[in-house]
Amino acid sequence: PDYFEEDFEHYGISKAKSTLIPGAQSASKIVAGESDDPVSEEEHKRFRKSVGKLLWIVPIRPDIAYATKELSRSLVQPKRSCISKLKYLLKYLKGTKSYKLMVRAEFQLPSGQVPTLDLDFYVYSDWAGCQMTRRSTTGFVVYFLGSIFQFASRTQATPGLSSSEAELYAIGTGSSEGISIR
């Protein structure tokens, strides 16, 4: 729980109100009028450290996977807007410290049936979600016995020409992951 206290202090959000949405897209509405100048060397170092901490906890916090992926894209040369997006995500973490990934098998078998171990896959994509590259994001989650087994949020390799193409690419990614897990 105290893993991000140093970041809360540094960015001045220790006493700030928490947010309800983790995503960087939500923060972009807030930073629209802000200058997009590069940050100082010291601030760049702090940004990399904070994003590194986020990457460390993503495996147990699927809710921040997309926002962390988007922040990771700015590690080489973060701008002021990236710092604002990081603050927004930290405010979300501040309000959701008690959230955790629960792994609990849900396995009920009607009498006389043979057990099957099914994997349930769900995939999603946005269309041209990145304003700069026009690339979409694929998200997928795999459930095994009712618990999250694997999840990811990835930028698609090529820009899709339609939402259908982006969805098809996401289905291909989900199918590929499913085959490798099976």
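Modeller: Val123 counts as partly exposed because its relative accessibility is 31%. The scale is this: buried is under 20% relative accessible area, exposed is over 50%, and partly exposed lies in between, with a 1.4 Å probe and protein chains only. Areas come from the Shrake-Rupley method, with only the protein chains shown counted as cover for residues. The model is predicted, so local features need pLDDT of at least 70 and side-chain atom pairs count only at pLDDT 80 or more, while totals for chains, interfaces and linings use all residues. Numbering runs from 1 along each chain as its sequence is written, and side-chain values use heavy atoms, without hydrogens or water.

Val123 sits in strand β1, residues 119–125. Helices are DSSP runs of H or I with at least four residues, strands are E runs of at least two, and both are numbered from the N terminus. With Leu168 and Ile171, Val123 makes a nonpolar surface patch of about 260 Å². Patch members have over 30% relative accessible area and no salt bridge; nonpolar side chains (Val, Leu, Ile, Met, Phe, Trp, Tyr) are joined within 5 Å, like charges within 9 Å.

Now the interior. In soluble globular proteins, nonpolar side chains tend to be buried together. Here the largest nonpolar core has 23 residues, and Leu54, Ile64 and Leu90 have the most contacts inside it. Two or more core residues come from each of α3 (41–57), α4 (65–72) and α5 (80–95). The largest share, seven residues, is from α5. Such a core is a set of buried Ala, Val, Leu, Ile, Met, Phe, Trp, Tyr and Cys residues joined through side-chain atoms within 4.5 Å.

Look at α3. Its 17 residues should span 24 Å at 1.5 Å a residue, and its end C-alpha atoms are 25 Å apart, which agrees. The expected span is 1.5 Å times one less than the number of residues. Buried residues of α3 include Phe47, Val51, Leu54 and Ile57, but also Glu43, Arg46 and Lys53. Their cover includes α1 (5–10), α4 and α5.

Leaving out residues up to four places away in sequence, Leu54 touches Phe4, Ile64, Thr68, Leu71, Leu86, Leu89 and Leu93. Leu71 lies in α4 and is buried, as its relative accessible area is 3%. With that sequence exclusion, Leu71 touches Phe47, Val51, Leu54, Cys82, Lys85, Leu86 and Leu89. Leu71 and Lys85 are 14 residues apart in sequence, yet 7.6 Å apart C-alpha to C-alpha.

Charges next. A salt bridge puts a side-chain nitrogen of Lys or Arg within 4 Å of a carboxyl oxygen of Asp or Glu. By this rule there are nine. Arg61, in the loop between α3 and α4, pairs with Asp63, the closest N and O atoms being 2.9 Å apart. Arg61 is buried at 6% relative accessibility, whereas Asp63 is partly exposed at 29%. Beyond four places in sequence, Arg61 touches Tyr92, Leu93, Thr96 and Tyr99. Glu6, Asp7, Arg46, Lys49 and Lys53 are linked in a salt-bridge network.

One more pair: Arg154 and Glu177 bridge with closest N and O atoms 3.1 Å apart. Arg154 lies in β3 (147–155) and Glu177 in α6 (163–181), so the pair ties together parts 23 residues apart in sequence. Glu177 is buried at 13%; Arg154 is partly exposed at 34%.

How values were computed:
Areas by Shrake-Rupley, 256 points an atom, 1.4 Å probe, with all protein chains shown as cover. Contact = heavy atoms within 4.5 Å.
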